[in-house]
Amino acid sequence: MKQRIITGIIVVLIMIPILLFAQTPVLPIAIAIGSVIAMFEMMRCIGLQKAYAFAIPLYALAASLPFFSRYMALGSLNANVKPESARHLAQYGAVLMIIILFYFFTVAIFSRGKYNLSDVCVLFATAFYILVGFNSILIMHDNEVGGHILYLTIFVSAWMTDVFAYFCGMLFGRGGKHKLIPDVSPKKTVEGSIGGIVFCVIGMMIFGLLCNWLNTEYNSNILMFALGGVLASIVSQIGDLLMSYVKRHYGIKDFSQLFPGHGGVLDRFDSILAVSIAMMCLTTFVDFF
């Protein structure tokens, strides 16, 4: 427990300057590094880390997409929402994923059985998830009205859910009478899940009020912050369970030991990947300010 707390503090101290200087190259660099490490962890989990026909293109994409999203596809920071820019970015992404899909299938076909088709499909799905998840943070920051503030809800909601699901599970779920999904994550309880949602909503509403207090440029829609908290908390827990499901399927405990007591990038950012995608989609259709 002591090691876990110390590592958690170090991670937070690293994250603070990244978030404070998000409008500089610091954020895309951090996202590129995180994406590359996460991609390696997933390929090693599946057993394809030495399959260079897959690894090299995925590393190149993970390292370059954050810079493409900020400096080439969108062109400016914190501008009002530009439907044509967002549409073009989505089109680029769709075309790119189709190309990768056909490339993966081509490599699998001509490998003469060297690569298992199901593993190749899992790699494609999880690589897509990792790339979209990390880059959604950047896209939300750069392309939404008030995005330089609103993107912080990704971290607020994911961390509030994680922390209070743990404590509520400890306080109210003792004895484990109401397991959430024991086949995937034996320690998670229904009480912890509900507690995570409740406190995430409270945290999001407080964050919305702080936005009004600290920045008069925007007028927060507190109801949307509350509804966003419900969605983000549910998705956060699904993201956590998804990575647990993958680990259980491949028989590993952690994706890596990069963060002692916490595991790897995918262990630590499993919820954030899911929440970033959900919040990016939500903010595309509704206004928080």
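**View 1. Asp254 and its salt-bridge partner Lys253 in the predicted model.** Asp254 is partly exposed, with a relative accessible area of 21%. Its side chain meets that of Lys253 in a salt bridge, with an N to O distance of 3.6 Å. Lys253, by contrast, is exposed, at a relative accessible area of 69%. The structure, which is a predicted model, contains five salt bridges in total according to a search of the whole structure.

**View 2. The salt bridge between Asp142 and Arg70.** The side chains of Asp142 and Arg70 meet at 2.9 Å, N to O. Because Asp142 belongs to helix H5 (residues 117–143) and Arg70 to helix H3 (residues 52–74), the pair ties together parts that lie 72 residues apart in sequence. Asp142 is buried, its relative accessible area being 2%. Arg70 likewise counts as buried, at 2% relative accessibility.

**View 3. The salt bridge between Arg268 and Asp162.** An N to O distance of 2.8 Å separates the side chains of Arg268 and Asp162 in this salt bridge. The pair links distant parts of the chain, with Arg268 in helix H10 (residues 265–268) and Asp162 in helix H7 (residues 152–172), 106 residues apart. Arg268 counts as buried, at 16% relative accessibility, whereas Asp162 is partly exposed, with a relative accessible area of 29%. In general terms, side chains of opposite charge can pair when their charged atoms come close.

**View 4. The aromatic pair Phe54 and Phe104.** Across the whole structure, a search finds 12 aromatic pairs. One of them joins Phe54 and Phe104 in an edge-to-face arrangement, 4.8 Å centre to centre and with 70° between the planes. Phe54 lies in helix H3 and Phe104 in helix H4 (residues 83–110), so this contact ties together parts that are 50 residues apart in sequence. Phe54 and Phe104 are both buried.

**View 5. The aromatic pair Phe54 and Tyr115.** Phe54 also forms an edge-to-face pair with Tyr115, for which the centre-to-centre distance is 5.1 Å and the angle between the planes is 65°. Tyr115 lies in the loop between H4 and H5 and Phe54 in helix H3, so the pair ties together parts that are 61 residues apart in sequence. Tyr115 is buried, as is Phe54.

**View 6. The aromatic cluster that includes Phe54.** Phe54, Phe104 and Tyr115 belong to one aromatic cluster, together with Tyr103 and Phe124.

Notes: Residues are numbered from 1 along each chain as its sequence is written. This is a predicted model: local features need pLDDT of at least 70, side-chain atom pairs count only at pLDDT 80 or more; totals for chains, interfaces and linings use all residues. Side-chain values use heavy atoms; hydrogens and water are left out. A salt bridge is a side-chain nitrogen of Lys or Arg within 4 Å of a carboxyl oxygen of Asp or Glu. Helices (H or I, at least four residues) and strands (E, at least two) are DSSP runs, numbered from the N terminus. Buried means under 20% relative accessible area, exposed over 50%, partly exposed in between (1.4 Å probe, protein chains only). Rings of Phe, Tyr and Trp (its six-membered ring) pair if their centres lie within 6.5 Å; planes under 30 degrees apart count as stacked, over 60 as edge-to-face and the rest as tilted.
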